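Please have the sequence and the structure at hand.

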Amino acid sequence: YDSGAGYMHRYVLLFIVFLIVRKISSAVTHYTLPEEMKEGTVVANLATDLGLDVTTLTKRKMRLDIIANKKYLDVNKETGELYIVEKIDREHICNTKSSSSCYLRLEITLENPLRIFNIELEVLDMNDNAPHFRRDAIHLDISEATPKGERFSLSNAVDPDVGTNSVKTYYLSESEYFNIEIQTGRDGSKFADLILIKTLDREKKENHNLILTAVDGGTPARSGTVNIFVHVLDTNDNAPTFDKAAYNVKIMENSPIGSLELHHRRLHSGVQRCLLVQSVSSRDQERKAGGETACAKGLQIHRVQHPERDRTVRD
Ligand SMILES: [Ca+2]
Ligand SMILES: [Ca+2]
Ligand SMILES: [Ca+2]
Ligand SMILES: [Ca+2]
């Protein structure tokens, strides 16, 4: 009777029985638990929930398999309790932002008779990450000629948590020149645009230091900041001006040529000033190189090229 055909017959029968068992056990037991729970925390009592005799678990070689790269949980064969052996980090298991639900799939196996139970563990997100910016500072060079209303996109903050635990909004430190507008990307991510609300004046203020804060919607909320350094670029928006509308110079007749010019000295790097009996000064606040200083030489104007800053004309 123990022929090859009979052996095959028994094998096929066993396979069918196995399939039926798989089918019976296809009902999935669902649990939910928050991430980051301490080691040793009991998630559920499997013996109670699956209707198993707790005294037979060791004898039936109860086994837990997890479809994951770490052994996050184990089962106590004495009590039937499912407990945590390693902290479950939702951001590690489900690092994509696309789905807000995150699952760990477990399989419980018992022998004599063979029973397999599928367990689905939904890991709930906790607000355990603060929004952070990839860089410490954002540097912006903005011309003082930039019109009011111009916007500048700022790099966004990232927060690996999902839903309300992720970046919710941004705040900008007090500024009379700048404001921000919150934008929502296609994937729901939030970012901010910097908006110029008052025209800049380099001659008044050359650098603006701002702080951008990203806040998430968790309870309690967490936040991250980044410095924004705005450097105002110069444009030629000032004409030279004299400190008086008119100057009177008295010169004796027959004065020798050059007698009015006493001396001129260098004040500080690149700036020349001609100091004479009567002084005439003209000031231009622009930054660009190539300005001119005019000094009276007798009754002629002598121009001096100098590289930067206060162009001063003295007579
Ligand atoms: Ca986490
Ligand atoms: Ca989280
Ligand atoms: Ca967060
Ligand atoms: Ca200017």
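## Strands S9 and S12

In this predicted model, Phe 152 stands opposite Leu 194, a residue of strand S12. The two strands involved are S9, which covers residues 151-153, and S12, which covers residues 190-196. They run antiparallel and are joined by 3 bridges.

## Strands S11 and S12

S12 is also joined to strand S11, which spans residues 178-184. Here there are 7 bridges, and the two strands again run antiparallel. One of the paired positions is Gln 183, whose bridge partner in S12 is Phe 191.

S11 and S12 form a hairpin, with 5 residues lying between them. The turn contains Gly 188, which has a positive phi of about 90°.

## The sheet

Strands of a sheet pair through backbone hydrogen bonds, and the pairing can be parallel or antiparallel. In this sheet there are 3 strands, in the order S9-S12-S11, and the pairing is antiparallel. The sheet is open. S9 and S11 are the edge strands, since each of them pairs on one side only. On average, neighbouring strands of the sheet are turned by 30° against each other, with direction ignored.

## The whole chain

How many helices and strands does the protein chain have? Its secondary structure comes to 3 helices and 20 strands. The chain has 315 residues, of which 19% count as buried.

Among the contacts with a separation of 6 or more, 63% are between residues 24 or more positions apart.

Key
Residues numbered from 1 in each chain as written. Chains lettered and ligands numbered in written order. Predicted model: local features only at pLDDT ≥ 70, side-chain atom pairs only at ≥ 80, totals over all residues. Helix = DSSP H or I, 4+ residues; strand = E, 2+ residues; numbered from the N terminus. Buried ≥ 20, exposed ≤ 12 C-beta atoms within 10 Å, placed from the backbone. Contact = placed C-beta atoms within 7 Å. Pairing = 2+ DSSP bridges. Axes fitted to C-alpha atoms, helices over the stretch in contact; angles between N-to-C directions.
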